Amino acid sequence: MNDITSILWEVTQDMFWSSIAALGFSMLFNVPTRTLMGCVACGAIGHGSRTLAVEFGATIVSGSLIGAVIIGLMGYLFAKRWHAPATVFTISGSIPLVPGRIAYSAMLSLIQLSTADPKTGESLLIRASINGIQTMMILGVIAVGISAPTLFFERTRPIV
Amino acid sequence: MAASTQKPPLNREELRDIIDLSLWAGQILLQHGAETQRVENTVHRLGTNLGCEWMDILVSPNAIVATTISGEEFRTKIRRVVGLQVDMTKISAINRLSRRIENGELDRFGVRSELQRISQIRSHYKRWQVVLMVGLACAAFSRLFGGDAVVFGMTFVASAIATFVRQELSRRHFNMFLVVIATAFVAGLIASLPSAFDWGDDPQIALASSVLLLVPGVALINSADDIIKGHLVTGITRGISGGLISMGIALGLALAMEIMGVSGL
């Protein structure tokens, strides 16, 4: 019981901070003012559900997939509600999911590798690879997740 | 959607106008951060709804090629697309325009003036608002990574100043990678203060979060999106350019960290 409440408290805080992150980047991307709330909701709920999934034992990659699918579905509904393309909501909403910190470790390890001692450089190489692969996988599942509604519901023959 | 034969054949003047308008719309989309599939679909819809029978489109990373076909006549044009400045308002406006054309509300002349208006839309948010909110957004990321109040404050200052530096440098049309390296350097200088003076519990978090404003999130997500939808050329190019920008961030940061004498991992 206590465990559940502490998880919920954690997720609530997480949603608060990720909503601010989504808001800042939505403004940087100049989203239409009327869609701002939708973008913030996508960011908060998407990142919150990833954190929840990770708390319940999912890996960061499968957690990101869950979060991205939720963002994709929300974007699909919001697009109808606010008459704007779903991209507006899904791109701004998935920014909190983008693995900036993991990419940062990967790149920094690569740069430090240039001055590493060959005997001890292994750990840097391993860190760079793990973080690099994780970054690519998370970005891949974000793209799959946010376009999941189109991939499932709008399977018309390509027009072009 | 098969090419309908009921449409009246257009002359070369009309075809020229249609290809010009649909490529213009495609250029606005590609330049402001739309994925390849959207560019292709929109250009095709625009052209066919304005009266041509069929439209073939090739979206490459920095140019769009299109051919309009009507009856016996056809015309082809290339339009260069340079620079990427994410602007969701423009993408949304082009989407609405395409819908209005589909409903028959606009003719070619109406579309031209609409496109003129859309390409001149300014940002809804004032520059200082963006500086403040992007700073707060990066500071919020530092909270998500487990940073304390000191880290939160320093990240906010570093990212807000970095956003301002980026706006100023971009306005002066510096090279894209140069802007990224310089911005990351400035952010790194300020964000390494907690590490240098040992403020707070986990001062490295400030370094990692202060440069998040530069992460090419849209380019990277679009890259993955293009690849899963089969647009390999644009997808791979966007991925590589996103990777290079990330490398630029790391370079600027590493430079700042070397000067400040701190380690970031």
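Two residues are in contact if their C-beta atoms, placed from the backbone, lie within 7 Å. Keep that cut-off in mind for the whole tour. This is a predicted model: local features need pLDDT of at least 70, side-chain atom pairs count only at pLDDT 80 or more, and totals for chains, interfaces and linings use all residues. Residues are numbered from 1 along each chain as its sequence is written, with chains lettered from A and ligands numbered from 1 in the order in which they are written.

**Stop 1: chain B**

Select chain B. Among its contacts between residues at least 6 apart in sequence, 67% join residues at least 24 apart. The C-alpha trace spans about 75 × 35 × 30 Å along its principal axes. Colour by secondary structure: chain B has 11 helices and three strands. Here helices (H or I, at least four residues) and strands (E, at least two) are DSSP runs, numbered from the N terminus. The order from the N terminus is α-α-β-β-β-α-α-α-α-α-α-α-α-α. Now colour by burial. A residue is buried with 20 or more other C-beta atoms within 10 Å of its own, exposed with 12 or fewer, and partly exposed in between; C-beta atoms are placed from the backbone. Of the 265 residues in chain B, 53% are buried.

**Stop 2: two domains**

Select 12-119 of chain B as domain 1, then 127-260 as domain 2. These bounds come from an automatic or database domain assignment. The domain centres, taken over C-alpha atoms, are 33 Å apart. Nine residues of domain 1 of chain B are in contact with 11 residues of domain 2 of chain B. On the domain 1 side, α2 and β1 (54-60) of chain B are the elements giving two or more residues. That side has four nonpolar, four polar and one charged residues. Ala, Val, Leu, Ile, Met, Phe, Trp, Tyr, Cys and Pro count as nonpolar, Asp, Glu, Lys and Arg as charged, and the others, Gly among them, as polar.

**Stop 3: M55(B)**

Stay in strand β1 of chain B and pick M55(B). M55(B) is buried, with 25 other C-beta atoms within 10 Å. Show what M55(B) touches beyond four places in sequence: S22(B), V43(B), H44(B), G47(B), T48(B), A66(B), T67(B) and T68(B). Then draw a C-alpha distance from M55(B) to E258(B): 54 Å, across 203 residues of sequence.

**Stop 4: the A/B interface**

Show both chains. 48 residues of chain B are in contact with 41 residues of chain A. On the chain B side, α2 (36-49), α3 (88-102), α5 (127-144), α10 (217-228) and α11 (232-260) each supply at least two residues. The largest share, 10 residues, comes from α5(B). By class, the chain B side divides into 32 nonpolar, 11 polar and five charged.

**Stop 5: helix α5 of chain A**

Select residues 100-113 of chain A, the 14-residue helix α5. From first C-alpha to last, α5(A) reaches 20 Å, close to the 20 Å expected at 1.5 Å a residue, counted over one less than its number of residues. 11 of its 14 residues are buried, so α5(A) is largely enclosed by the rest of the structure. The cover includes α6 (122-146) of chain A together with α9 (204-210) and α11 of chain B.

**Stop 6: the core**

A nonpolar core is a set of buried Ala, Val, Leu, Ile, Met, Phe, Trp, Tyr and Cys residues joined through C-beta atoms within 7 Å. The largest has 129 residues, and I142(A), A25(B), A137(B) and L253(B) have the most contacts inside it. This core draws at least three residues from each of domain 1 and domain 2 of chain B. Finish on I142(A). Beyond four places in sequence, I142(A) touches S64(A), A68(A), S94(A), L97(A), I221(B) and A224(B).
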